[in-house]
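Subject: Structure handover

Hello,

Here is the structure I promised to pass on. Please open it first, then read my notes below.

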Amino acid sequence: MADSFQILIADDHPLVRGALKQALSSELENVTLYEAGSLSEAIEQIEAHGGDIDLVLLDLHMPGMNGFTGLFTLRASYPDIPVSIVSASQELPVVRRSIEYGASAFVPKSAPVDQIGTAIRTVLNGDMWMPDWARDAIENGPADDEATGLAEKIGQLTPQQLRVLNMLTEGKLNKQIAYELDVTEATVKAHVSAILRKLSVHSRTQAVIMARELQLQEPAIDA
């Protein structure tokens with residue numbers, strides 16, 4: 001394990017970020033901590049540090065996440081940076097899909113400080129971590145073939161295609177997407193065609209229906 005670490009805490013609640021900073025500072029030596037309150041701020045922080053981030057602690061419910069889409073976006077944009085979900089949820093489907101969709105760990109916000117430290121050290125060592133109850137249920141329960149299939153298809157999309165898909169789910173037209181991404185409508189159409197091909201669907205509507213499977217169905221548990 002390296003002598004020092006740079007960790008980004010991405011959560012829209014300042015109190016949660018403060019608690020995680022205190023926990024990590026007490027559990028890890030030579031750690032530098034950065035903060036972000038939205039997905040866009042998290043990406044800005046990663047870019048500002050040249051991608052030299054050892055770990056991102058990610059809240060599923062902060063602005064810009066749009067369910068699991070934000071997790072896919074980070075994993076596609078920065079495949080070498082591990083992402084650990086830190087969530088108030090303890091719903092098994094949320095844990096299972098977080099791992100299936102590329103997270104290296106799932107850490108409940110209610111976990112004791114020493115357990116949070118163990119989880120983070122495990123990920124920094126290149127391994128995966130989740131609570132014992134979740135690991136037992138996932139390893140001994142039936143496979144989630146739907147999540148696996150969706151992960152394989154969504155995982156083929158580039159970061160820009162993920163942004164376009166996200167905007168499609170919001171009901172935006174090609175013209176609006178082009179304006180927000182500062183590209184031409186022809187570029188947007190090309191992205192949409194690639195999205196349909198990679199998702200093995202034939203219409204924007206079908207793509208949106210598939211993308212909505214990435215939404216979190218439970219109420220705003222991290223509020």
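Which residues does L58 touch, not counting residues up to four places away in sequence? They are A10, M65, L71, L74, V83, S84, I85 and V86. Contact here means heavy atoms within 4.5 Å.

Some ground rules. This is a predicted model: local features need pLDDT of at least 70, side-chain atom pairs count only at pLDDT 80 or more, and totals for chains, interfaces and linings use all residues. Residues are numbered from 1 along each chain as its sequence is written, and side-chain values use heavy atoms, with hydrogens and water left out.

The core. L58 also belongs to the largest nonpolar core, which has 55 residues. Together with V56, L74, Y101, I154, L165 and L199, L58 touches the most other members. Another core of 20 residues lies apart from it, with L20, L24, L28 and I116 among them. A nonpolar core is a set of buried Ala, Val, Leu, Ile, Met, Phe, Trp, Tyr and Cys residues joined through side-chain atoms within 4.5 Å. Buried means under 20% relative accessible area, exposed over 50%, and partly exposed in between (1.4 Å probe, protein chains only).

Five strands form an open sheet in the order 2-1-3-4-5, with parallel pairing. Strand 2 (31–36) and strand 5 (105–108) stand at the edges with a single partner strand each, so one side of each has no neighbour in the sheet. Strand 3 (residues 55–58) pairs with strand 4 (residues 83–87) over three bridges. There, I85 of strand 4 is the bridge partner of L58. Strands count as paired if DSSP finds at least two bridges between them. Helices (H or I, at least four residues) and strands (E, at least two) are DSSP runs, numbered from the N terminus.

Helix 7 (residues 145–154). Its buried residues are A147, L150, A151 and I154. The buried residues pack against several helices, including helix 3 (69–77) and helix 8 (159–169).

Two loop residues. N66 has a positive phi of about 50° although it is not a glycine. N66 sits in the loop between strand 3 and helix 3. D182 also is not a glycine, and has a positive phi of about 60°. D182 counts as exposed, at 70% relative accessibility.

Best wishes
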